[in-house]
Amino acid sequence: MTEFTYIFNLEEAVKSLHDFEKDKYLFLDTEVAVKSFKEIDFFSDKVRLIQLGNAEKIYIYDMFLIPEFAKYLKEILEKKGVVGHNLKFDIKFLKTNFDIFPQIVFDTMIASQLLSENSKEKHSLQAVTYRLTDNNIDKTQQSSAWGLRNLSEEQLEYAANDVKVLREIFPILKSRLNQINTPHKATGVVHETFGLDNAVAVVEMAFVPQLAMIELKGMPVDEKELSSMLTTVSADYQRRYIEFVRSSGVDPFSPHKVTAWLTGRLGLKLPKTQKGSLSSQDSALRKYMDIPQVRQLIEIRSEKKLLDKLKELHSHVKNGRIHSQFRQIGAPTGRMASSQPNLQNITKELRRLFKAPEGKKLIVADYSQIELRIAAEYVNDEVMIKAFSEGKDLHRFTASLILDKSYEKVSKEERQMAKAINFGLIYGISPRSLMEYARNNYGVDISLKDAQEFHKRFFDIYLSFKRWHESVNQKLSKKHSMTVYTLLGRKMTVHRFTEAVNFPIQGTGSDMLKMAVVFFGKLKKDIDASIVNLVHDEIIVEVAKEYADKAKEILSESMLRAGKILLKKVPVEFEVEIVNAWAEK
DNA sequence: TACGGTAGCTCG
DNA sequence: GTACGAGCTACCGTAC
């Protein structure tokens, strides 16, 4: 049994707050009356209960009965720290229902994810509680009818219990995070309020409310243009699909029938997939592009993809905006993942549909070659650091050294090839894969012999990269696993070579982006500017026209500050532009 | 009919 | 000796 007090009287509610006067932070949870648990609507669904607790007391406030209490809660929730599980959810509802926006938070879900050594581990409150305390909490009431006039004793007991377990898991998570030494000292209000010393955790916690606001704001989209494009593409696709089936007698989306037709009727030679069946993927067909039927097949497939993406986007538009969901730690590296819809893999062609509304502008900013810069800093490669310091284009620079020609004389194609080498080789790509990678991604044909030569020359030029790979290989062959860190101190135990070399680079990139977002949130103050999308090394801000220049300045300052904290030897560069649409840079 | 795995494409 | 990290759709085999 959990001790709690259920409060549905304003006077009693206000009085109860005296018990929290001395606390620096409180434990919080909310229960929401939703129309559909499958499709939670943060704008129209209503918060029923707000549970607040400290070390001694747990109060359950019935917000259906005392809505006026919100203004008192706003006072303390925006001033004190708040501990909760998956607080992005609660923050969004507190914001839409009561205009309450807690910013000093400790999220136990995020903490658990940061500590996790196993990517398959679950991080629900139930799972985390079970792992840390062996206490198996009952979640059957979670999706009960929170809109009922009279809540049952079970419901109230359940609501209080979530706060009780928060109280138990918080100190365990905090102390485990504090046991990890991070190269940068934790500072700021989150560090001070919770006694949280882990710099990565401090950044992640400060990021939670920022992400909540990004989701609520949504990405602006030109609904009219999206609809008309959908109509046009749909008609064109149907016409071409029918024509293709009529002339070839084959369904272009049945891999089995397509490969049989390509090899049998057209006499093509096709590579095998991993499981041994014939592959008809575009990269395998590219060399047969001069055969009209093959070209038509490729075009139909690509138009179908376009059509599907248009449909997906269209289905998510609400009042001219798309409110995608972000998982804050979508990958172990700290990168986010976006879904419903994924706004992180929108093609260049479709980016023009994302337009600032009337009277607004978009600011599109992205770090330049950030992973290479991070890699140079991380392995402390003098040659690469020098090249970056001199403001050289690294792809051109690599090409000039590998091909042994002057920097100025490197052709566009040679630069493209070096780009493939730079990105591939810092992660230990093999010569064979390099050859395929260069062809598939950069349209550059090189022989296996050339690939082997370039592979060797890359490591001869960038000696620290060679030493890095050797050292990782050595450690992994000695033991089954090794622990790797980002430049901020994000930690992971890895078992494979590729993970060991990728994690610090990609992870530092996400550290940097999250820090930049946190800085922007602090610096922008009252300017009417909101982040509307994040794509790994890119920040997109929507801002009122008159503040566009100011917001651009603040965004630049934020990105620079984040970059300079993590990169001491390599200069940070980024592009920032004020635009109407999220079109090509 | 529902679910899980794979292939193939998009992005950084 | 090995590029890495995601999401979404379609297909296909398996379980109910």
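Guide: A residue is near a molecule or strand if one of its heavy atoms lies within 4 Å of it. By that rule 27 residues surround DNA strand C, and the closest are Arg327, Asn342, Ser430, Ser433 and Asn473. Of the atoms of DNA strand C that come within 4 Å of the protein, sugar and phosphate account for 72%. This is a predicted model, in which local features need pLDDT of at least 70 and side-chain atom pairs count only at pLDDT 80 or more, while totals for chains, interfaces and linings use all residues. Residues are numbered from 1 along each chain as its sequence is written, chains are lettered from A and ligands numbered from 1 in the order in which they are written, and side-chain values use heavy atoms, with hydrogens and water left out.

Visitor: What makes the pair between Ser430 and a phosphate oxygen of DNA strand C a polar contact?

Guide: A polar contact is a pair of N or O atoms within 3.5 Å; within protein, one atom must be able to donate a hydrogen and the other to accept it, and residues adjacent in sequence count only if both atoms are side-chain atoms. A side-chain N or O atom of Ser430 lies 2.6 Å from a phosphate oxygen of DNA strand C, and the pair therefore qualifies. The side chain of Asn473 has an N or O atom 2.7 Å from a base oxygen of DNA strand C.

Visitor: Which elements give two or more residues to the surface near DNA strand C?

Guide: They are α12 (292-315), β11 (337-339), α18 (431-442) and α21 (497-523). The names follow DSSP runs numbered from the N terminus, with helices being H or I of at least four residues and strands E of at least two. With four residues, α21 gives the most.

Visitor: How are the residues of that surface near DNA strand C divided into nonpolar, polar and charged?

Guide: Ala, Val, Leu, Ile, Met, Phe, Trp, Tyr, Cys and Pro count as nonpolar, Asp, Glu, Lys and Arg as charged, and the others, Gly among them, as polar. The surface near DNA strand C then has eight nonpolar, 13 polar and six charged residues. The surface near DNA strand B has two nonpolar, nine polar and six charged residues.

Visitor: Which residues come nearest to DNA strand B?

Guide: Of the 17 residues around DNA strand B, these are Asp282, Lys305, Arg335, Asn345 and Asp537. Sugar and phosphate make up 87% of the atoms of DNA strand B within 4 Å of the protein. Polar contacts include that of Lys305, with a side-chain polar atom 3.0 Å from a sugar or linking oxygen. Arg335 places a polar side-chain atom 3.0 Å from a base nitrogen of DNA strand B, and the side chain of Asn345 has an N or O atom 2.8 Å from a base oxygen.

Visitor: Why is strand β2 called mostly covered?

Guide: Buried means under 20% relative accessible area, exposed over 50%, and partly exposed in between, with a 1.4 Å probe and protein chains only. In β2 (residues 25-33), eight of nine residues are buried, so the strand is mostly covered. At 40% relative accessibility, Asp99 counts as partly exposed because that value falls in between. Asp99 is found in the loop between α3 (87-98) and β6 (105-107), and its phi is near 55°, a positive value in a residue other than glycine.

Visitor: How do you know that β2 pairs with β5 and β3?

Guide: Two strands pair if DSSP finds at least two bridges between them. Three bridges join β2 to β5 (residues 81-84), in the parallel sense, with Leu26 bridged to Val82. Seven bridges join β2 to β3 (residues 46-53), in the antiparallel sense, with Asp29 bridged to Gln51.

Visitor: What makes β7 and β8 edge strands of their sheet?

Guide: The open sheet of three strands has the order β7-β9-β8, with antiparallel pairing. β7 (219-220) and β8 (317-318) each have a single partner strand, so one side of each is left without a neighbour in the sheet. Two bridges link β7 with β9 (residues 321-322), and Pro220 has Arg321 as its bridge partner.

Visitor: Where is the peptide bond that is cis?

Guide: The bond runs from Gln340 to Pro341, with omega near -5°. Pro341 lies in the loop between β11 and α13 (348-351).
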